[in-house]
Amino acid sequence: MPEEDLVELKFRLYDGSDIGPFRYSPAATVAMLKERVVTEWPKDKKIAPKSGNDVKLISAGKILENNKTVGQCNMPFGELPKGVITMHAVVQPSLAKAKTEKKVDDAPKKNICSCSIL
């Protein structure tokens, strides 16, 4: 693939620091970008994704879907000649994981009636 067809992307984290920039083919999927973000995530951050499913990528105010390609994400390629496109990377643990980590009350609940008979 010619060098000029590659898209240069960087990922902005919650604290304002960046990962990248890296060059990607327009055929690269959003899932591939997420996996790269997970592998390049700084080790000194308190909040870190465990997998690509924990990362949400936002570009131009839209959350990008895993099956979309970089070329399909309607990014302003023509507006930024040789420019770096910034995407926001947000860590959001998957819902299945969050449900299993909820606190479970070990003490059984007692059904107590508070009715008064007059």
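Tutor: K56 stands opposite V90 in strand 5, and L57 stands opposite A89 in that strand. The model is predicted, so local features need pLDDT of at least 70 and side-chain atom pairs count only at pLDDT 80 or more, while totals for chains, interfaces and linings use all residues. Residues are numbered from 1 along each chain as its sequence is written, and side-chain values use heavy atoms, with hydrogens and water left out.

Strand 3 (residues 55-59) and strand 5 (residues 85-91) run antiparallel and are joined by 4 bridges; strands are DSSP runs of E of at least two residues and helices are runs of H or I of at least four, numbered from the N terminus. Pairing requires at least two DSSP bridges between two strands. Strand 5 also runs parallel to strand 1, again through 4 bridges, and here F11 stands opposite M87. The open sheet of 5 strands has the order 2-1-5-3-4, with mixed pairing. Strand 2 (18-24) and strand 4 (62-63) each have a single partner strand, so one side of each lacks a neighbour in the sheet.

Helix 1 (residues 30-40) lies across strand 1 (7-12), strand 2, strand 3 and strand 5, at about 115° to strand 3; such angles run from 0 to 180 degrees between N-to-C directions of axes fitted to C-alpha atoms, for helices over the stretch in contact. A89 touches residues that include F11, V37, W41, V55 and L57, contact meaning heavy atoms within 4.5 Å.

A89 is also among the residues with the most contacts inside the largest nonpolar core, which has 21 residues; the others are L9, F11, L33, V37 and L57. Strand 1, strand 2, helix 1, strand 3 and strand 5 each give two or more residues to this core, and the largest share, 4 residues, comes from helix 1. A nonpolar core is a set of buried Ala, Val, Leu, Ile, Met, Phe, Trp, Tyr and Cys residues joined through side-chain atoms within 4.5 Å; buried means under 20% relative accessible area, exposed over 50%, and partly exposed in between (1.4 Å probe, protein chains only).

R23 is partly exposed, at 45% relative accessibility.

Methods
Lists of a residue's contacts leave out its neighbours within four places in sequence.
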